[in-house]
Amino acid sequence: MTIKKIGILTGGGDCPGLNSVIYGIMLKAYDAGIECVGILKGWKGLIENLTIPLNIAEQDDLHTIGGTILYTSRTNPFKGAESKEKVAHVLVDKLEELGIDALIAIGGDDTLSVADAMCKYANANVIGCPKTIDNDLAGTHYTFGFWSAVQLASNAMDNLTTTARSHQRVFVVEIMGRDAGFLTMYSGISAGADIILIPETPFDFEKDVVDVLRNRVNAGYTYHIIATSEGAYPKNESLERDFKTISKATIAKLPKDAYGNPLLVKLNISKILVDELNLREDLKVEFKNNGVEFECRSVVLGHTMRAGTPNSFDRILGLRFGLAAMTLVLEGKFGNMVSLQGNKIEMIPLSEGVKKKYITTDNDKMELRDLLVKIRYLSKQK
Ligand code: F6P
């Protein structure tokens, strides 16, 4: 089949580098004489026929601009659908109505699962491109947007250090990452955070937080930065033993995700940690004995981590992904997505790429985190 017109859509949370991918696609498409159409607001735009023409002459240096010119949404047409096959065919018919011969879908696991289902059930001409600041997509070493977000969080913690030092405070910094701790781990290590809590390793409040603060203040430290993923969560025994402000019942009342798991991200874990720390009279005494006031504050970095321009790495990765995605369209290799393997851009099946990725315990970052936390106070102990 000859491809004359391609559609591009961006779905899920926005992410620095989305426009870089779009520009990479447009460069290659223009060179190949193919028209580009933007489908607005992710899958919602395909259902509702929301499109714009994409003319490369009007988009100079698009790869340097943050966010997405195509807008985005979290619409998933397969959610709650009885027949996946039927939905897949409706979406393919929509593409046909719009005269679109092939589609490049840029998004995270949810957006790409739609692309995958379209290919599986309706043999659609779709290519995927992995996006998320969370970096939690299997099949690619890095997603674009991740390193920009790491830098923002790392800078924020560097900056918080000066006010923490001035007031001799404990800052609990909540970092995006619902399911995986890549953002917290990398930015925490980069900024030298004193405690790093991630979803993959549920924490023991007494051992991983209170004891570390106690050891640190006794070793002479007067301020502390705790980096926590929004999805970090205490071990069950610690929840029952150490927590006064939340319990298992609090967790049971939380809204659930698509798999029926409680959405821990709704807890506001940084505030809970501050509330719990404020109840620790023993810690207050320990601080006082060392001549330090015990004051805790929480800071939620939230959407500031997705904001602003992509860094150079993400601009280039985005452009490379865009170029590679358009190449796959030209080669007719549908049902696949682009990915970064080492420093090479490679193609993998969408069904593989949409799987989730987590930090594993054998990862060197785990050891680095634990040493970074421990050795600083141990090396200063008399
Ligand atoms: O893009 C992924 C993510 O950044 C998560 O880390 C975070 O929990 C979520 O998006 C927030 O999304 P929203 O924009 O819908 O609040």
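The model is predicted, so local features need pLDDT of at least 70 and side-chain atom pairs count only at pLDDT 80 or more, while totals for chains, interfaces and linings use all residues. Residues are numbered from 1 along each chain as its sequence is written, and side-chain values use heavy atoms, with hydrogens and water left out.

**Ligand shell**
- Around the ligand (a heavy atom within 4 Å) you'll find Arg 74, Ile 133, Asp 134, Met 176, Gly 177, Arg 178, Glu 230, His 303 and Arg 306.
- That shell splits into five charged, two polar and two nonpolar residues, with Asp, Glu, Lys and Arg taken as charged and Gly among the polar ones.

**Polar contacts (N or O pairs within 3.5 Å)**
- A ligand oxygen is 2.5 Å from a side-chain N or O atom of Glu 230.
- For Arg 74, the distance from a ligand oxygen to a side-chain N or O atom is 2.7 Å.
- For Asp 134, it's 2.8 Å from a ligand oxygen to a side-chain N or O atom.
- The protein covers 78% of the 400 Å² of accessible area that the ligand has on its own (Shrake-Rupley, 1.4 Å probe).

**Domains**
- An automatic or database assignment divides the protein chain into domain 1 (5-144 + 310-353) and domain 2 (150-306).
- Their C-alpha centres lie 36 Å apart, and the contact (heavy atoms within 4.5 Å) takes nine residues from domain 1 and 10 residues from domain 2.
- Both domains give residues to the ligand's shell, so the ligand lies between them.

Methods. A polar contact is a pair of N or O atoms within 3.5 Å; within protein, one must be able to donate a hydrogen and the other to accept it, and residues adjacent in sequence count only if both atoms are side-chain atoms.
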